[in-house]
Amino acid sequence: MLSLKFLYNTPLGSFVTGWRKKREGKSGKDIVLADQDPTLDLDALRASYICSIPRAQWFKGVLLQGYLVHPNILRGLDDFEVRDDDVFIITYPKSGTTWSEEIVSLIYNDGNPNKVKNKLLNYRVEHLEVG
């Protein structure tokens with residue numbers, strides 16, 4: 001299992017993740033920056049909440065923090081293929097995510113710690129939102 005993680009605002013990260021934009025020429029109309037949402041004027045309380053979220057963006061009706069999930073990753077979800085042997089670890093922040101990843105990684109490697117002890121966790125468990 002191989003995982004490459006790039007920060008999106010670096011030249012290398014932009015180079016690697018930028019191919020999705022060029023591939024299909026999608027305009028990104030399905031991603032809207034939350035502060036440019038035309039419905040913000042309708043409800044001041046809702047607008048205050050949405051504007052308090054850093055780099056908030058709407059993607060297909062879901063409000064997301066923009067610094068957590070890059071638009072290129074969101075655009076690629078339409079083409080994402082799920083295999084029968086894929087395992088998804090879904091947790092709340094600060095609720096034992098790393099511990100869960102470690103346990104699943106060990107299960108995936110037949111519970112043998114010798115198979116994983118020399119390989120960092122971020123190379124054993126890929127993060128979909130990172131790309």
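These questions and answers concern how some labels are assigned in this predicted model.

Reader: Why is R124 called buried?
Author: Buried means under 20% relative accessible area. R124 has 8% relative accessibility, so R124 counts as buried.

Reader: What makes the pair R124 and E102 a salt bridge?
Author: The cut-off is 4 Å between a side-chain nitrogen of Lys or Arg and a carboxyl oxygen of Asp or Glu. The closest N and O atoms of R124 and E102 are 3.0 Å apart, so the pair meets the definition.

Reader: What makes the pair R124 and S105 a polar contact?
Author: A polar contact needs N or O atoms within 3.5 Å, one able to donate a hydrogen and the other to accept it. The side chains of R124 and S105 make such a contact at 3.0 Å.

Reader: How do you know that D110 and K115 form a salt bridge?
Author: Their side chains meet at 3.1 Å, N to O, and the limit is 4 Å. D110 has a relative accessible area of 63%, so D110 is exposed, whereas K115, at 47%, is partly exposed.

Reader: Why is D37 called buried?
Author: The relative accessible area of D37 is 13%, and the cut-off for buried is under 20%. D37 forms a salt bridge with R46 (3.6 Å, N to O).

Note on methods:
Residues are numbered from 1 along each chain as its sequence is written. This is a predicted model: local features need pLDDT of at least 70, side-chain atom pairs count only at pLDDT 80 or more; totals for chains, interfaces and linings use all residues. Side-chain values use heavy atoms; hydrogens and water are left out. Buried means under 20% relative accessible area, exposed over 50%, partly exposed in between (1.4 Å probe, protein chains only).
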